[in-house]
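Work through the exercises below with the structure open. Each task is followed by a solution in steps.

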Amino acid sequence: MKSRKTTQEERIEIVKDCLNTGLLYKETAKKYQVSYNNVYSWVQKYKEHGPDGW
């Protein structure tokens with residue numbers, strides 16, 4: 001899937017939704033029309049650095 005452009009605020013929203021709902025990365029990617037790799041990468045960055053560490 002080709003990923004669409006996202007803002008930092010959107011990325012944080014996507015990560016929080018993924019973590020709070022327990023959705024798989026694949027399900028989250030489909031829901032927000034972004035790539036699996038992006039969701040995975042954003043979640044890892046969020047876990048390591050928090051919302052301000054991007």
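**Exercise 1.** Determine how the axes of α1 and α3 are oriented to each other, and which residues make the contact.

Solution. In this predicted model, the axes of α1 and α3 come within 9 Å and cross at roughly 85°. Angles of 65 to 115 degrees count as roughly perpendicular, so α1 is roughly perpendicular to α3. On the α1 side the contact is made by Arg11, Ile12, Ile14, Val15, Lys16, Cys18 and Leu19, and on the α3 side by Val39, Trp42, Val43, Tyr46 and Lys47. Sorted by type, the residues of this contact are nine nonpolar, no polar and three charged.

**Exercise 2.** Do the analysis for α1 and α2.

Solution. Here the axes come within 10 Å, with a crossing angle of roughly 135°. The two helices, α1 and α2, are therefore oblique to each other. The crossing of α1 past α2 is right-handed. Glu13, Ile14, Asp17 and Cys18 of α1 meet Tyr25, Thr28, Lys31 and Tyr32 of α2. This contact of α1 with α2 comprises four nonpolar, one polar and three charged residues.

**Exercise 3.** Which residues of α1 are buried, and what do they pack against?

Solution. The buried residues in α1 are Ile12, Ile14, Val15, Asp17 and Cys18. They pack against α2 (25-32) and α3 (36-49).

Definitions and conventions
Residues numbered from 1 in each chain as written. Predicted model: local features only at pLDDT ≥ 70, side-chain atom pairs only at ≥ 80, totals over all residues. Heavy atoms only, no water. Buried < 20%, exposed > 50% of the residue type's maximum accessible area, 1.4 Å probe, protein only. Helix = DSSP H or I, 4+ residues; strand = E, 2+ residues; numbered from the N terminus. Contact = heavy atoms within 4.5 Å. Axes fitted to C-alpha atoms, helices over the stretch in contact; angles between N-to-C directions. Parallel < 35°, antiparallel > 145°, perpendicular 65-115°, else oblique. Left-handed = near helix turned anticlockwise from the far one by under 90°. Nonpolar A, V, L, I, M, F, W, Y, C, P; charged D, E, K, R; others polar.
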